[in-house]
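This briefing is intended for a reader who wishes to inspect a structure residue by residue. Please consult the sequence and the model shown here before turning to the points below.

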Amino acid sequence: MILKMAEHILKCPTEHRYTMEKKCPSCGSDTLTPRPPKFSLNDKYSSLRREVKKKELIEKGLY
Ligand SMILES: [Zn+2]
């Protein structure tokens, strides 16, 4: 299952890179589970907000 596999993906909070190790092989930081599923809805909204922001910038000729 894809979801099951995703549970094993960890993220280095220092470098924002993904790894399967409990400690980042690059900098040795303790890795964290990246965004629990209950936050996925928030992510959806934040990407929506980014889209709106982008449209604003395009309208102002700044993008
Ligand atoms: Zn790291």
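The model is predicted, and the protein chain averages a pLDDT of 82. The chain contains 2 helices and 2 strands, which run α-β-β-α from the N terminus on. Buried residues account for 3% of its 63 residues.

**Overall architecture**

- The order of elements in the protein chain, read from the N terminus, is α-β-β-α, beginning with helix H1 at residues 2–6.
- Strand S1 spans residues 10–12, strand S2 spans 17–19, and helix H2 covers 40–59.
- Of the contacts in the protein chain between residues at least 6 apart in sequence, 2% join residues at least 24 apart.

**Confidence**

- A pLDDT of at least 70 is reached by 76% of the residues in the protein chain.
- Confidence is highest in strand S1, at a mean of 94, and lowest in helix H1, where the mean is 56.

**Histidine 16**

- Histidine 16 lies in the loop between S1 and strand S2.
- Its phi is positive, at about 55°, although the residue is not a glycine.
- Most residues other than glycine have a negative phi.
- Histidine 16 counts as exposed because it has 8 C-beta neighbours inside 10 Å, and the cut-off for this class is 12 or fewer.

**Tyrosine 18**

- Tyrosine 18 belongs to strand S2.
- Is tyrosine 18 buried or exposed? It counts as exposed because 12 C-beta neighbours lie inside 10 Å, and a residue with 12 or fewer falls in that class.
- When neighbours within four places in sequence are left aside, tyrosine 18 is in contact with Ile9 and Lys11.
- The C-alpha atoms of tyrosine 18 and threonine 33 are 9.5 Å apart in space, and the two residues are 15 residues apart in sequence.

**Proline 34**

- Proline 34 sits in the loop between S2 and helix H2.
- With 14 C-beta neighbours inside 10 Å, proline 34 counts as partly exposed, since that class lies between the limits of 12 or fewer for exposed and 20 or more for buried.
- Which residues does proline 34 contact, leaving aside its neighbours within four places in sequence? Its contacts are Ile9 and Lys11.
- Proline 34 and histidine 8 are separated by 26 residues in sequence and by 9.9 Å in space, C-alpha to C-alpha.

Terms used:
Residues numbered from 1 in each chain as written. Predicted model: local features only at pLDDT ≥ 70, side-chain atom pairs only at ≥ 80, totals over all residues. Helix = DSSP H or I, 4+ residues; strand = E, 2+ residues; numbered from the N terminus. Contact = placed C-beta atoms within 7 Å. pLDDT = per-residue confidence, 0-100.
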